[in-house]
Amino acid sequence: MEDKDLGLNRIIRTLNKDLDGVVVKVGVQAKDKAVRRGKGGSIRNTDQPLAVIAAIHEFGLGDMPQRSFLRSAYDENLPMIDKMIQRVANGAVFGLGTNAALNQLGNVVQGMVQRKIVNGPFVPNSPATIKRKKSSRPLIDTGHLRQSIRYVIERKGGNHE
């Protein structure tokens, strides 16, 4: 019996090298700043990190209820995300390339989180918040949080967006 390697071992080594230490992170990125609706409805920038606002919504704080948009989007779509991860490996094997496959995965999960922000369901806003925002929709005021959901691909030794 003779064992002939027709390239599979090379593909496995390449995949291991290309995907070792790779993480696709989806959410609010550290450098993003929050915005606030000013008098007359104008939108103005703040110095407050948007990640802080996102974490308060995600986990709740004091009287503010939890409105998970990251964890729940992930949990609700885990079977599809697992299939996409399998596609990353398959795409790398069948010529799509790991970068293209990872970007595709990032885009899909980013869209899942953005849809969750829009569609909920979430604990309703308080009457005071509805009065201030003139809307009963949680997580949606300026649209800035939803628009700030992005993915980054991190590799050992640096980020690659």
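Guide: Helices (H or I, at least four residues) and strands (E, at least two) are DSSP runs, numbered from the N terminus. This is a predicted model, in which local features need pLDDT of at least 70, side-chain atom pairs count only at pLDDT 80 or more, and totals for chains, interfaces and linings use all residues. Residues are numbered from 1 along each chain as its sequence is written, and side-chain values use heavy atoms, with hydrogens and water left out.

Visitor: How many helices and strands does the protein chain have?

Guide: The protein chain has seven helices and five strands.

Visitor: In what order do the elements run from the N terminus?

Guide: The order is α-β-β-β-α-α-α-α-α-α-β-β.

Visitor: What share of the residues counts as buried?

Guide: In the protein chain, 32% of the 161 residues are buried. Buried means under 20% relative accessible area, exposed means over 50%, and partly exposed is in between (1.4 Å probe, protein chains only).

Visitor: New topic. How many salt bridges are there in the whole structure?

Guide: A search finds four. A salt bridge here is a side-chain nitrogen of Lys or Arg within 4 Å of a carboxyl oxygen of Asp or Glu. One of them joins Asp-32 and Arg-150, at 3.0 Å from N to O.

Visitor: Where do Asp-32 and Arg-150 lie?

Guide: Asp-32 is in the loop between strand S1 (23–28) and strand S2 (33–37), and Arg-150 is in strand S4 (residues 149–155), so the pair ties together parts that are 118 residues apart in sequence. Asp-32 is buried at 11% relative accessibility, while Arg-150 is partly exposed at 26%.

Visitor: OK, and which residue does Glu-58 form a salt bridge with?

Guide: Its partner is Arg-71, with the closest N and O atoms 2.7 Å apart. Glu-58 sits in helix H2 (residues 50–59) and Arg-71 in helix H3 (residues 71–76), so this pair links parts that are 13 residues apart in sequence.

Visitor: Is Glu-58 buried or exposed?

Guide: Glu-58 is buried, with 2% relative accessibility. Arg-71 is partly exposed, at 34%.

Visitor: What about Glu-76 and Lys-116, how do their side chains meet?

Guide: They meet in a salt bridge of 2.9 Å, N to O. Glu-76 belongs to helix H3 and Lys-116 to helix H5 (residues 98–119), so the pair ties together parts that are 40 residues apart in sequence.

Visitor: And Lys-116, buried or exposed?

Guide: Lys-116 is buried, with a relative accessible area of 8%. Glu-76 counts as exposed, at 51% relative accessibility.
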